[in-house]
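Hi,

Here is the model we talked about passing on to you. Have a look at it first, and then read on for what turned up.

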Amino acid sequence: MHRDEATKRFHAGGDAFADLIDDTSPAQLPTPDTDVPMVSRSVRLPLETYERVRAAADARGIGVTTLMRQWIEAGLADLDDSATVSLADVRRALASLSRPTAA
């Protein structure tokens with residue numbers, strides 16, 4: 001249908017336009033990866049910062065937004081003293097304690 005015809009049907013009101021929409025097949029939406037309701041926010045980052053975040057996410061095998069969410073949650077946990085620490089970070093900290101320091 002041409003755009004002008006669709007516009008005329010829309011402005012005419014009634015069920016004619018709704019019937020056009022109802023004739024389409026239902027959209028196949030992706031299944032959410034969580035049961036927790038999420039809010040989408042836009043964050044402006046310098047390109048270099050974004051590229052570093054993307055590289056860090058790729059190295060971990062996760063998406064950029066997943067990594068950013070993890071960092072935000074860790075930062076918030078640190079604010080209220082309920083911090084969670086990754087096992088890898090604990091291992092690195094323990095390994096650094098066993099190394100002699102340069103005098």
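By class, the lining of the second largest pocket splits into six nonpolar, three polar and three charged residues (Ala, Val, Leu, Ile, Met, Phe, Trp, Tyr, Cys and Pro count as nonpolar, Asp, Glu, Lys and Arg as charged, and the others, Gly among them, as polar). A pocket here is an open set of points on a 1 Å grid over the protein atoms alone, where a 1.4 Å probe fits and protein lies on both sides within 12 Å along at least five of seven lines; lining residues have an atom within 4 Å of a point.

Before more of that, a word on the source. This is a predicted model, where local features need pLDDT of at least 70 and side-chain atom pairs count only at pLDDT 80 or more, while totals for chains, interfaces and linings use all residues. Residues are numbered from 1 along each chain as its sequence is written, and side-chain values use heavy atoms, with hydrogens and water left out.

The protein chain has a mean pLDDT (the predictor's confidence in each residue, from 0 to 100) of 81, and 82% of its residues reach 70 or more. It has five helices and zero strands (DSSP runs, H or I of at least four residues for helices and E of at least two for strands, numbered from the N terminus). Where pLDDT is low, the predicted coordinates should not be read in detail.

Back to the second largest pocket: its volume is about 260 Å³ (the space filled by probe spheres set on the grid points, which are joined across faces, edges and corners). Helix α4 gives the most to its lining, with four residues. Asp-89 and Arg-92 are also among the lining residues.

Those two residues make a salt bridge at 2.3 Å, N to O (a side-chain nitrogen of Lys or Arg within 4 Å of a carboxyl oxygen of Asp or Glu). A search of the whole structure finds one such bridge. Both residues sit in helix α5, three residues apart, about one turn of the helix. Asp-89 is partly exposed at 36% relative accessibility, and Arg-92 is exposed at 52% (buried is under 20%, exposed over 50%, partly exposed in between, with a 1.4 Å probe and protein chains only).

The largest pocket holds about 460 Å³. Val-39, Ser-40, Arg-41, Thr-65 and Arg-69 are the closest to its centre, out of 13 lining residues.

Cheers
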